Amino acid sequence: MVKLLSSLVAFFSITTLFAQTPSGEIPKLVVGITIDQFRGDYLEMFRHKFGARGFNRLLNEGLVYSNIYYDFPNLNKASAITTIYTGANPSFHGIMAENRYLVESNREISSFFDDNYLGNFTTEKLSPLPIKVSTIADELKIASGGQSDIFAFAPDASQAFASGGHGASGAFWIEDENGKWATSTFYKAKQPVVDQHNRSGQSLTYTINSLTWRPAIDVNRYDAFPYTRNRYNFQHYFATDKKNSIHLFKQSPYVNKEVNDMAIRMLESGSLGKRMNPDFLALTFYAGNFEKALDKNYSVEIQDTYYRLDQELERLLDAIDAAVGLKNALIFVASTGYFYEQEIIPEGMVTSGGDFYPDRTQALLNMYLMALYGREQWIKKYYNEQFFFDRKLLEDKKIDLREFQQKAAEFLVLSSGIQDVVTSYQMLHGAYNQDVQYYRNGYYKGMSGDLFLRLQPGWRVVDPQSDQYEKVRNNAVVAPVIFFGTNIKPQKIERTIEATEIAPSVAYRLRIRAPNAAQSKILGELFR
């Protein structure tokens with residue numbers, strides 16, 4: 001009798017404990033939102049113009065971490081989003097940029113190029129297989145025995161593959177030539193909602209010629225920047241540049257509406273979040289500069305982009321609420337952690353720094369190596385702040401790779417505009433220090449170069465074949481990470497979290513394994 005009573009007491013105690021721990025509930029739908037080039041300082045500057053049910057709702061009712069950090073160099077949308085969804089750095093997941101350089105064939109290809117798969121509504125041959133490890137979405141698909149639906153919608157293919165992963169029911173992006181929602185034959189399932197849209201008159205193929213981007217509100221209300229030269233009533237016609245119309249469209253807030261429209265169509269179709277196993281919807285939005293803006297640094301266009309993005313988030317949250325209920329959804333919002341500045345120096349102003357010409361630096365380095373090792377073309381290419389050597393030539397000449405790299409690095413570090421040089425041998429075999437580890441996190445054997453360059457802030461990287469240049473800046477872009485939905489306690493946490501902490505934390509909330517290369521701890525505040 002005593003044993004029976006003890007068992008009953010224990011049972012009711014445990015039952016009460018779980019009833020008081022709502023954070024243990026599994027969401028029916030996870031919505032992962034990555035915002036390319038999203039800035040926390042802009043969010044704070046502009047939020048007084050926002051409504052109550054978009055960004056402000058997330059900030060006021062969500063768990064908000066003040067900043068996200070990526071522990072590897074040369075951040076971009078492909079490497080950042082893959083890191084968020086795998087919980088690992090490029091040294092594990094293998095995606096270092098939008099494109100990569102093939103030394104053997106001396107050509108540049110998409111990081112997601114895969115000759116074994118064709119495209120639907122695109123001529124590109126791509127797949128998610130170049131992601132070398134699993135993603136959150138993959139682990140959910142495995143845990144559910146294939147029953148969970150996973151969809152990804154993004155402006156670009158790299159973003160769709162990174163967030164959709166290998167197990168997606170569909171990963172879609174806006175095709176650069178025709179404006180259709182494209183995908184890869186890697187994903188076998190047909191999606192009627194997407195196909196119907198592509199064949200309808202609402203497709204971007206047919207509507208882009210009539211689209212004009214004008215301010216959503218009176219431009220005089222866009223007063224966040226006191227440095228804006230004039231608050232002009234801009235009008236951007238995408239159809240005026242036929243060749244680049246989709247490219248320009250993807251830099252406008254209208255791309256966020258296009259992504260959101262497809263997401264809401266999927267929610268309204270009634271298939272997501274309605275079964276025992278959780279489903280996953282991954283979305284990528286854009287919050288960067290518009291290259292045609294008159295004032296590159298302090299444009300009214302960037303303020304309009306955030307204003308319109310706030311409205312899209314309100315629409316999305318309302319659609320999620322209508323489809324499954326916000327109390328049954330887990331939503332996270334994260335930035336890609338970088339921002340492409342379009343700096344214009346006033347005429348007559350002289351600044352420190354100078355112009356760094358990669359082609360000239362490559363020629364000088366090769367001449368130096370010729371003097372040491374003989375008259376050969378030792379360098380294959382300078383690409384993405386890396387030098388690639390002719391490894392086969394080095395093998396044929398029986399030249400020690402470590403010594404060759406070190407000699408080249410010692411020469412380059414004396415050049416104007418170069419702060420530091422790290423060799424691949426140092427990253428793989430050298431003594432540990434924080435700088436080397438930082439570069440090691442962004443290095444993938446067989447894909448990365450022989451030398452990694454760190455350029456000095458204030459220098460311009462000049463490509464003679466283009467009228468574009470890149471100004472080197474080391475500024476950190478501060479951007480919050482927000483969790484919202486299923487029993488999330490509103491909190492503001494003033495600390496920086498690692499991008500690699502998001503995936504294992506979401507996995508823990510779903511009661512599934514973390515992605516197989518994720519090593520970071522889970523975010524404790526998400527479970528309190």
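Colleague: In which helix does Ala503 lie?

Modeller: This is a predicted model, in which local features need pLDDT of at least 70 and side-chain atom pairs count only at pLDDT 80 or more, while totals for chains, interfaces and linings use all residues. Residues are numbered from 1 along each chain as its sequence is written, and side-chain values use heavy atoms, with hydrogens and water left out. Helices (DSSP runs of H or I, at least four residues) and strands (runs of E, at least two) are numbered from the N terminus, and the one that holds Ala503, residues 502-510, is helix H18.

Colleague: Is Ala503 buried or exposed?

Modeller: Buried means under 20% relative accessible area, exposed means over 50%, and partly exposed lies in between, with a 1.4 Å probe and protein chains only. Contact means heavy atoms within 4.5 Å, and, leaving aside neighbours within four places in sequence, Ala503 has contacts that include Ile84, Tyr85, Ile136 and Pro515. Because its relative accessibility is 0%, Ala503 counts as buried.

Colleague: Which strands stand at the edges of the open sheet of four strands?

Modeller: Two strands pair if DSSP finds at least two bridges between them, and in this sheet the order is E14-E15-E17-E16, with antiparallel pairing. A strand with a single partner has one side left without a neighbour in the sheet, so the edges are strand E14 (379-383) and strand E16 (418-423).

Colleague: Which residue in E17 stands opposite Phe387?

Modeller: Strand E15 (386-389) is joined by two bridges to strand E17 (residues 451-455), and the two run antiparallel. Opposite Phe387 in this sheet stands Leu451.

Colleague: What angle does the direction of H15 make with that of E16?

Modeller: Axes are lines fitted to C-alpha atoms, for helices over the stretch in contact, and angles run from 0 to 180 degrees between N-to-C directions. H15 packs on the sheet and touches E15, E16 and E17, and its direction makes with that of E16 an angle of about 175°.

Colleague: Which helix supplies the largest share of the lining of the second largest pocket?

Modeller: On a 1 Å grid over the protein atoms alone, a pocket is an open set of points where a 1.4 Å probe fits, with protein on both sides within 12 Å along at least five of seven lines, and lining residues have an atom within 4 Å of a point. The second largest pocket is lined by 25 residues, with Val103, Arg391, Gly446, Ser448 and Asp450 nearest its centre. The largest share of this lining, four residues, comes from H16.
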